[in-house]
Amino acid sequence: MQTELYESIDMHRMMLTDRIRNQIYRSALFATIRKGDVVLDVGAGSGILSLFAAQAGAAKVYAVERTSTAGLARQLAARNGFGDRIEIIHGDIRDVELPQPVDVLVSEWMGIYAVDENLLALVLEARDRFLRPGGAMVPRRSKVWLAPVWSEERDVALGLLDDVHGLSFQSIAAYPTDDLIWTGSGITPEHLRAAPQVLWDIDLASHAAADARLPFRAQRTFRASGAGLVNGLTPWFDADFGHGLVLSTRPGQPRTHWGHYVLPLSRNNAVVEGTEISAQLTCLPATPGHSHHAWSARVGTGSWEHHDTRTPRTTSQCCDGQPTCVPATPQWESTGRNATHSEQACRALGLPVH
Ligand SMILES: C[S@@+](CC[C@H](N)C(=O)[O-])C[C@H]1O[C@@H](n2cnc3c(N)ncnc32)[C@H](O)[C@@H]1O
């Protein structure tokens, strides 16, 4: 999600009406904040988390918001009777100075699979600058999970290409698969084709801010849990707030505004119980609030296929109908003097080169 999106009132409306998200944050703040605490809300938006913090007994809340939503948050803090305890700071958290350390740092920084919103580094830098030693992070920990899936949306798209008024366009299936598919409720436990695995386990108290600026990369090998089709990968997150409070977007959990991504594969791959499915996911921080995504997969003894959201959307990229791993911008350093651009990109991403 791009930060500019947060100028839109609809974005805030969507978050404000996510009762599961709101309830867990509210309960966590009430369980964490002691009367008189000083709280920092990083990326305050409408100010809802700051209001919860004030209700929970905070003596002072610094609510930092970069977009013009800060003006709305100021009005809402006053209208709800907390204008004296919540100080809205309209600015970028990286430029802000605070007059005192804080006891609690709260932020809703998670993207659809947590790290993809590229806000984590900002939160950790704010932690290093403002949180007193022993202060509390809300949430405390976040795990990112991945599972191979069969997605109906992807299946429909592949089927449509196979039969366009009786003509087959299947050979261009690899071409459009470099776009993520967002699905509100399309992935349920029945769509998982193997037991999920953790890609990243982030402890907000100790994770280095500098590391959060680097690409998040992981490779995992799954075993199909039964016979079926695999046409995508789905990541999600669990955020642990302590006190037994976990906000989970795992398929099958109550629906939240995050929904799920399907990272599409080029075809419906048939698997049987035990078929090995290898998958790699790289989340590359880009502009503030935005990341690029690269993913690869190999199903059974098939060959690896590679996808990258930076791939140019031109027909020249699928001239032979094969999946490609050429990124849109050649920002990866060469790792082989004679390697082709495509090979360099694969190596830089840690992907197998064909
Ligand atoms: C996911 S929204 C959460 C909003 C609000 N805390 C809530 O829970 O409804 C993230 C917010 O962080 C803000 N943000 C992003 N980058 C920021 C930055 N560098 N400094 C301050 N705010 C930022 C965005 O504008 C957005 O309002």
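In which loop does P139 lie? In the predicted model described here, for which local features need pLDDT of at least 70, side-chain atom pairs count only at pLDDT 80 or more, and totals for chains, interfaces and linings use all residues, that question is taken up first. Residues are numbered from 1 along each chain as its sequence is written. P139 is found in the loop between β5 (131-138) and β6 (141-149); helices (H or I, at least four residues) and strands (E, at least two) are DSSP runs, numbered from the N terminus. The peptide bond that leads from V138 into P139 is cis, its omega being near 0°.

The protein comprises 8 helices and 15 strands. Of its 354 residues, 46% count as buried, a residue being buried if 20 or more other C-beta atoms lie within 10 Å of its own, exposed if 12 or fewer, and partly exposed in between, with C-beta atoms placed from the backbone. Among contacts in the protein with a separation of 6 or more, 73% are accounted for by residues 24 or more positions apart; two residues are in contact if their C-beta atoms, placed from the backbone, lie within 7 Å.

An open sheet is formed by 5 strands in the order β3-β2-β1-β4-β5, with parallel pairing. Two strands are taken to pair if DSSP finds at least two bridges between them. Strands of a sheet pair through backbone hydrogen bonds, either parallel or antiparallel. From one strand to the next the twist averages 20°; axes are lines fitted to C-alpha atoms, for helices over the stretch in contact, and angles run from 0 to 180 degrees between N-to-C directions.

Within this sheet, strand β1 (residues 38-42) pairs with β4 in the parallel sense over 4 bridges, and with β2 in the parallel sense over 5 bridges. L40 has L105 as its bridge partner in β4 and stands opposite Y62 in β2. Strand β2 is mostly covered, 6 of its 6 residues being buried. In a regular strand the side chains alternate between the two faces of the sheet. From β2, K60, Y62 and V64 point one way, V61, A63 and E65 the other way, and all are buried.

Helix α2 lies across β4 and β5 and runs at about 150° to β5. This helix (residues 19-32) also packs against helix α3 (residues 48-55) at an angle of about 35°, their axes being 9 Å apart. The crossing of α2 past α3 is right-handed; a crossing is left-handed if the near helix is turned anticlockwise from the far one by less than a right angle, and right-handed if clockwise. N22, Y25, R26 and L29 of α2 make the contact with I48, L49, F52 and A53 of α3. By class, the residues of this contact divide into 6 nonpolar, 1 polar and 1 charged, where Ala, Val, Leu, Ile, Met, Phe, Trp, Tyr, Cys and Pro count as nonpolar, Asp, Glu, Lys and Arg as charged, and the others, Gly among them, as polar.

Around the ligand there are 22 residues, of which Y6, G43, G45, R66 and E108 come nearest; a residue is near a molecule or strand if its C-beta atom, placed from the backbone, lies within 6 Å of it. At least two residues of the shell around the ligand are supplied by each of α3 and β2 (60-65). The shell divides into 10 nonpolar, 7 polar and 5 charged residues.

A further open sheet consists of 4 strands in the order β9-β13-β14-β15, with antiparallel pairing. Its edge strands, β9 (216-223) and β15 (305-308), each pair on one side only, and the twist averages 10° from one strand to the next. Strand β14 (residues 291-299) is joined to β15 by 4 bridges, the two running antiparallel, and W295 stands opposite H307 in β15.

Positive phi values occur in two loop residues. N118, although not a glycine, has a phi of about 60° and lies in the loop between β4 (102-107) and α5 (120-130). N118 counts as buried because it has 24 C-beta neighbours inside 10 Å. H243, also a residue other than glycine, has a positive phi near 55° and is placed in the loop between β10 (228-240) and β11 (246-248). With 12 C-beta neighbours inside 10 Å, H243 counts as exposed.
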